[in-house]
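Dear colleague,

Please find below the structure that I am handing over to you. My notes on what was found in it follow.

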Amino acid sequence: MRHVLSLLLENEAGALSRVSGLFSSRGYNIESLTVAPTEDASLSRMTVVTTGSDDVVEQITKQLNKLVDVVKVVDVSEAPHIERELLLAKVRAIGPAREEMKRMADIFRGRIVDVSETTYVIELTGTQDKLDSFLAAISSELILETTRSGVCGIGRGDRVLKV
Amino acid sequence: MVLTGAEIVVRCLQEEKVEYVFGYPGGAVLFLYDELFKQDAVRHVLVRHEQAAVHAADGYARTTDRVGVALVTSGPGATNAVTGIATAYMDSIPLVIISGQVPTAAIGLDAFQEVDTVGITRPCVKHNFLVKDVRDIAETIKKAFHIARTGRPGPVLVDIPKDVSAQRCEFAYPKSVSIRSYNPVLKGHSGQVRKAVQLLLEAKRPMIYTGGGVILSDAAAKLTRLARLLDFPVTNTLMGLGGFPASDRQFVGMLGMHGTYEANMAMHYCDVLLAVGARFDDRVIGNTAHFTQEPRRIVHVDIDPSSISKRVKVDVPIVGDVGEVLDEMIAVLEAERARPDAAALADWWRQVEQWRSRDSLGFRNSDEIIKPQFVVSKLWELMGDELIVTTDVGQHQMWAAQYCRFDQPRRWATSGGLGTMGFGLPAAMGAQFAHPDKPVACITGEGSIQMCIQELSTCKQYRLPLKVLSLNNRYLGMVRQWQEIFHGNRYSESYMDSLPDFAKLAEAYGHIGLQVTRPGDVEGALREAFARKNDLVFIDFQIDPTENVYPMIQGGKGLNEMILSSEDL
């Protein structure tokens with residue numbers, strides 16, 4: 001089962017490596033991991049997408065909570081929630097592909113944020129699935145380079161992750 | 001008051017009432033050593049290798065309820081300490097390790113004796129810190145001691161760059177410490193405690209299984225009280241020995257791979273299991289799938305939520321300090337005035353006694369050759385009342401665990417989780433510093449002792465009257481035993497050729513060395529060793545090289561599939 005874990009952790013040197021080290025030393029999967037400071041400068045928020053049985057995910061949550069730098073852990077995928085990921089894709093845009101790429105970006109509600117004579121950079125946000133389908137929908141020879149942010153997740157409604 | 005970083009470190013140690021720091025100097029900690037030199041409240045013990053510094057601090061902590069402290073320099077000082085740190089981490093021993101680091105400006109430039117100490121130790125510490133500002137030293141050390149001793153204890157490392165130890169700032173030791181992300185739960189959930197007691201009262205075939213958590217929480221008396229109220233059989237893990245009196249009728253011995261037949265059978269066939277401060281380790285329950293085939297309901301008390309339902313799913317988890325939860329259970333039990341089903345319990349005890357009558361620790365003694373079991377039994381017969389025992393790792397460790405019969409906690413220091421050869425001698429040093437008037441024995445083997453034998457020099461310097469009892473079978477015995485059973489008697493690299501004359505070696509270090517080759521001389525040698533109250537005596541017992549540790553559960557087998565002797569193979 002796929003789970004999206006959101007963590008608040010002390011915004012300190014080494015906190016990220018404590019979390020990533022835990023995953024590697026205990027053999028847990030990381031599908032994606034993303035982290036940045038929050039509006040409270042002393043805290044970072046991390047989203048980890050992992051896969052594992054319920055037992056494994058329970059252990060992951062307990063082990064994360066045990067880390068002294070980890071303030072809170074929630075499994076946002078346990079309840080209604082929103083997931084978003086950012087994709088920047090540099091694609092070849094010459095000849096008929098130039099129009100085709102513009103059209104695909106529009107269909108997926110992406111934006112072209114950089115234009116050269118031969119390339120576009122398309123910015124697209126959405127769920128992992130949506131980004132995957134976009135990449136599947138355009139011809140792979142036209143993809144020059146992609147970078148993805150990893151998933152950010154947040155609970156719907158009045159569920160709040162805060163200290 | 002304005003002090004240097006180094007002065008602050010020493011003042012912090014004084015504030016924490018640290019008696020001994022076990023350490024080894026070097027470039028990055030010169031300022032710290034200079035400050036240690038100028039005072040005598042905190043005494044420094046100079047070991048001969050940093051691994052031993054940490055093991056000594058560990059032995060000190062295990063045999064007291066205090067935090068052990070070690071001090072090492074940067075680079076190789078820190079890497080040598082890693083084995084000691086990992087040993088303490090696996091057994092949840094509270095330590096504070098202070099390491100020097102190259103100056104802040106040199107970090108990351110591959111400076112002389114630079115290593116990423118915080119990075120290297122991260123997976124084997126409870127927490128660690130790199131102090132980059134002299135103003136953070138006092139608070140960091142306060143936090144380090146707090147984290148090390150509270151919750152599930154463990155080692156905490158504080159890495160201090162040389163320039164930080166030279167800078168100055170105003171010093172005030174914080175009175176209290178609060179860490180928003182670290183608040184261990186102490187009291188058990190009262191609903192869960194009630195549920196647990198109810199389950200215990202319904203049991204027909206109950207069992208109490210306790211581990212190192214009982215020792216670490218200083219809860220042996222509480223455990224004994226609860227166990228007596230219930231009259232259930234009690235088993236201890238290797239780490240938990242001394243948590244319940246071994247001489248008590250209710251004690252069925254250690255369980256696990258080399259545990260007693262009665263402990264393992266009762267563990268396997270019980271219908272309600274109370275697990276206290278233990279973690280269903282692979283050396284304890286063997287094959288998990290096999291263990292869980294037998295239906296039983298489990299109550300698990302542990303301060304570390306991640307220890308609960310890690311290997312074995314439990315029915316009533318209780319997160320909390322073992323001592324507090326046992327108190328709560330006793331209170332509920334006394335208020336209920338209910339007692340377990342006496343008839344069922346009597347039947348169960350009959351069964352347990354039948355298993356016990358197999359006498360799984362019985363051994364055939366010899367007049368010709370020294371049996372290791374005989375040495376440990378004799379040692380216990382002579383000195384058991386007050387002896388503190390440390391061990392190394394291997395066959396001798398299991399014989400020590402089987403034939404020493406601890407009635408009290410904190411008399412036993414062994415590397416259970418990591419299984420670190422070389423632990424015994426330095427741990428015994430730490431124990432002797434903590435208990436200068438008690439006899440301390442290191443039970444070891446000719447393999448293990450050579451992993452930290454240089455500490456005989458430290459023992460001379462500080463006049464530690466340890467008794468080093470080496471069960472010398474000229475083999476890495478546990479390796480040889482497995483090669484005999486599982487690898488067709490191919491003794492690959494397990495024979496110890498070219499051994500030194502240990503008695504002479506001990507004498508070269510300035511101690512007394514004895515070699516004992518005949519069973520008839522064992523008792524006399526032990527008596528002589530312990531009569532020499534001011535001397536370290538090293539006894540090299542030349543034991544039967546073919547002796548194996550029994551009973552035994554082979555890897556992958558279940559608790560009810562024990563081999564009692566070589567005849568069962």
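**Helix H6 of chain B**

The buried residues of H6(B) are Ile137(B), Ala138(B), Ile141(B), Lys143(B), Ala144(B), Phe145(B), Ile147(B) and Ala148(B). A residue is buried if 20 or more other C-beta atoms, placed from the backbone, lie within 10 Å of its own. This is a predicted model, in which local features need pLDDT of at least 70 and side-chain atom pairs count only at pLDDT 80 or more, while totals for chains, interfaces and linings use all residues. Residues are numbered from 1 along each chain as its sequence is written, and chains are lettered from A and ligands numbered from 1 in the order in which they are written.

Helices (H or I, at least four residues) and strands (E, at least two) are DSSP runs, numbered from the N terminus. The buried residues of H6(B) pack against helix H1 (5-15) and strands E5 (95-101), E6 (127-130) and E7 (155-161) of chain B. Just after H6(B), Gly151(B) has a positive phi of about 60 degrees.

Chain A has four helices and nine strands. Of its 163 residues, 29% count as buried.

Two residues are in contact if their C-beta atoms, placed from the backbone, lie within 7 Å. The contact between the chains takes 15 residues from chain A and 13 residues from chain B. On the side of chain A that touches chain B, helix H1 (15-25), helix H2 (54-66) and strand E4 (70-75) of chain A each supply at least two residues.

Yours sincerely

How values were computed. Buried ≥ 20, exposed ≤ 12 C-beta atoms within 10 Å, placed from the backbone.
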